Amino acid sequence: MGAIVAATETLGTQARVYVVAVDDHTAETSGHSDQHEMFRSLPFPFSGGRFPDNLGAVVQRTVLEGREPAREVIHTDDNSWMVGDGVNDPNQPDAVVATCIRHVMELNSSVAQLASLPLGQSAFRKNPGEPWVIEPQALTRRNAGQGLRSSR
């Protein structure tokens, strides 16, 4: 298995991530293995209320691989994005990967409706097809091992 190799460059308020190589699974899942540019954050709100194609996110592999649906999406206070399955521990080794959020939407199309999720908010649902519930994002040690979901 390869590794994700990236360099980050800060340009004003934007952080640009250059993906130099991707691991074998990500290349297979995303349908490409070539170099591409991905941004950790982009000016928000997004143009047209749609996620930019090159917006990066930290995504649980279970979601990226299609083994679990996206059950939680977090837009952090620093304008970065996280997508989790709400079930498995994202803190386990190799549990998450940095990838373009568009790859998540290819498997979980309803994530697209969260492009206007305000900074510092999280969206969660119990199962696909259920409505997303929005609440303030507050990661805690108590629930850190129970997916990305914020405390209630």
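1. In what order do the elements of the protein run from the N terminus on? They run β-β-α-β-β-α-β-β-β-α-β-β. That makes three helices and nine strands. Helices (H or I, at least four residues) and strands (E, at least two) are DSSP runs, numbered from the N terminus.

2. Some ground rules. This is a predicted model, where local features need pLDDT of at least 70 and side-chain atom pairs count only at pLDDT 80 or more, while totals for chains, interfaces and linings use all residues. Residues are numbered from 1 along each chain as its sequence is written, and side-chain values use heavy atoms, with hydrogens and water left out.

3. Overall burial. Of the 152 residues in the protein, 45% are buried. Buried means under 20% relative accessible area, exposed over 50%, and partly exposed in between (1.4 Å probe, protein chains only). The accessible surface comes to about 7,900 Å² by the Shrake-Rupley method with a 1.4 Å probe. Carbon and sulfur atoms hold 51% of that surface.

4. The sheet. Six strands form an open sheet with mixed pairing, in the order β7-β4-β6-β5-β8-β9. Two strands pair if DSSP finds at least two bridges between them. β7 and β9 (133–136) are edge strands with a single partner each, so one side of each is left without a neighbour in the sheet. On average, neighbouring strands are turned by 20° against each other, direction ignored. The axes here are lines fitted to C-alpha atoms; angles between N-to-C directions run from 0 to 180 degrees.

5. Strand β4. Four of the five residues in β4 are buried. Five bridges tie β4 to β7 (residues 96–100), and this pair runs antiparallel. Glycine 56 has cysteine 100 as its bridge partner in β7. β4 and β6 run parallel, joined by two bridges. Valine 58 is bridged to methionine 82, and valine 59 to valine 83.

6. The core. The largest nonpolar core has 23 residues. Such a core is a set of buried Ala, Val, Leu, Ile, Met, Phe, Trp, Tyr and Cys residues joined through side-chain atoms within 4.5 Å. Those with the most contacts inside it are Phe51, Val73, Trp81, Val83, Ile101 and Val111. β4 (56–60), α2 (61–64), β6 (81–84) and α3 (101–107) each supply at least two residues. α3 gives the most, with three.

7. Valine 111 and contact range. Contact means heavy atoms within 4.5 Å. Setting aside neighbours within four places in sequence, valine 111 touches Phe51, Ala70, Val73, Val104, Met105 and Trp132. Among contacts in the protein with a separation of 6 or more, 53% link residues 24 or more positions apart.
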